Amino acid sequence: MTSLLIKNAAAIMTGLAGAAARHAGPDIRISAGRITALGALTPQAGEQILDATDCVIYPAWVNTHHHLFQALLKGEPLGLNATLTPWLAATPYRFRAGFDAASFRLAARIGLIELALSGCATVADHNYLYYPGQDYDSSAILFEEAEKLGLRFVLCRGGATLTRQLEAELPQALRPESMAAYMADMERLANQFHDPAPDAMRRVVMAPTTPPYSMQPGELREAAAVARKLGLRLHSHLSETVGYQDSVNAMRGISPVRYCESIDWLGADVWFAHLVKLDPDEIALLGATRTGIAHCPQSNGRLGSGIAPIRALEAAGVPVSIGVDGAASNEAADMISETHAAWLMQRAKAGEAAQPKFRGGAGEAGADAATVEDVIRWGSSGGAAVLGLPAIGSLAEGQAADIAIYDLSRNPRYFGLHDLAIAPVACGGSAHLRSLLVGGREIVREGAIPDLDMAELAAEARAATRALIRRAEAA
């Protein structure tokens, strides 16, 4: 197989920590889908050359929490100014019954394309669109759409055996599954799709939608035990709002994280989305058990949930990753927007806590609460760590060649920068994606996905969104 030499990069960010976060390069050699060398490299006979002049190179992003079906629910008016609980009723659950196989597939395709065009190679989707008698296989559709684009895909199989309403009053699409049906489908998916390889293109994760509300404690213990027997990781939502604290305290008399401890849902094979509202002892417990987080700053801001205490979590030992969450609570569901927000919000959180010296405080603070290098690490190797994919997420010899190359010469947003390496995260916006490689294969070329008719996709999206609105209004 002919090797590929990426030449003359302006900067290379590796996704690693400390002094290893940057590599002088300026070249990267790829062979058989792997990085074989970084440095000042001489082209070999017959080697393909990709000129990266004026470009910065990042490890391709690893998105650890999404709801792809929500790509057709952006900016939905009834949920636009609502907090989490009323938003759930107003938007994702109100439209849930309106999805059929075609609209679900289109939503997944739109979401995956949006991510790919931001430089994302690996997507973990927390899909909870399952119900008894469903006439399409949403899991298979997700794997199919990711494979068409050439992206790595991790299915976090959501679902619930409980509902907070009487089942008899619910439409079919809102009814819970039985535990037997849920576990049978988990076994099917694990057998059909799960690959334990360290650079797998397909993975399956046990992911009941929300532990306090989706299953009984005994069922959650069973789910955890079965997942570990099958070699699957565990994922869910937790502690997104103060509502979690109120309801779990009322139901169980303990905090949400302590509840997860009681049902065997903590550990290095578990990661939770959000973790915004935490007590100090919960942070310590998450760190001690090496339970991970998918930090979703834009969704948390959009819903008024707050800002997760990422610095305290990481200091306690919690593995940190970044997820964009669903587009229905994050109208910019791409990894550049998300990492830009993560960089800013951790600084804002630290600055918000600062106190003036005359009141006993230390004065101004917060500007160093998150560096660009931190955010890149969280969004790349951090994501690979929580997903259990150690062969991706960083730029180093032997690693899979999942690489995003951003051309900074086409947009004045990036002109005048003293440090080009920070541009995509610090400046935000839409850096021109010169190339996205996944396992050395080019997925995006010059800001476009080959053979994709974007105008046609836009027209399909408009029609599907109008149809969903009509079905919701008629229900």
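Asp281 is partly exposed, at 36% relative accessibility, where partly exposed lies between buried, under 20% relative accessible area, and exposed, over 50% (1.4 Å probe, protein chains only). This is a predicted model, in which local features need pLDDT of at least 70 and side-chain atom pairs count only at pLDDT 80 or more, while totals for chains, interfaces and linings use all residues. Residues are numbered from 1 along each chain as its sequence is written, and side-chain values use heavy atoms, with hydrogens and water left out.

**Salt bridges**

Asp281 pairs with Arg258 in a salt bridge, that is, a side-chain nitrogen of Lys or Arg within 4 Å of a carboxyl oxygen of Asp or Glu. Asp281 belongs to helix H10 (residues 280-289) and Arg258 to helix H9 (residues 256-262), so the bridge links distant parts of the chain, 23 residues apart. Helices (H or I, at least four residues) and strands (E, at least two) are DSSP runs, numbered from the N terminus. Arg258 is also partly exposed, at 31% relative accessibility.

In the whole structure, 29 salt bridges are found.

| Glu145 | Arg105 | 2.9 Å |

Glu145 meets Arg105 through their side chains. Because Glu145 sits in helix H4 (residues 138-149) and Arg105 in helix H3 (residues 101-116), this pair ties together parts that are 40 residues apart in sequence. Glu145 is buried, at 2% relative accessibility, whereas Arg105 is partly exposed, with a relative accessible area of 22%. Both residues belong to a network of salt bridges that links Arg105, Arg109, Glu144, Glu145 and Lys148.

On a 1 Å grid over the protein atoms alone, where a 1.4 Å probe fits, a pocket is an open set of points with protein on both sides within 12 Å along at least five of seven lines; lining residues have an atom within 4 Å of a point.

The lining holds 20 residues, and Leu4, Gln48, Leu437, Gly440 and Glu442 lie nearest the centre of the pocket. At least two lining residues come from each of strand E4 (27-31), strand E6 (48-51), strand E17 (432-438) and strand E18 (441-445). By type, the lining has 7 nonpolar, 8 polar and 5 charged residues. Here Ala, Val, Leu, Ile, Met, Phe, Trp, Tyr, Cys and Pro count as nonpolar, Asp, Glu, Lys and Arg as charged, and the others, Gly among them, as polar.
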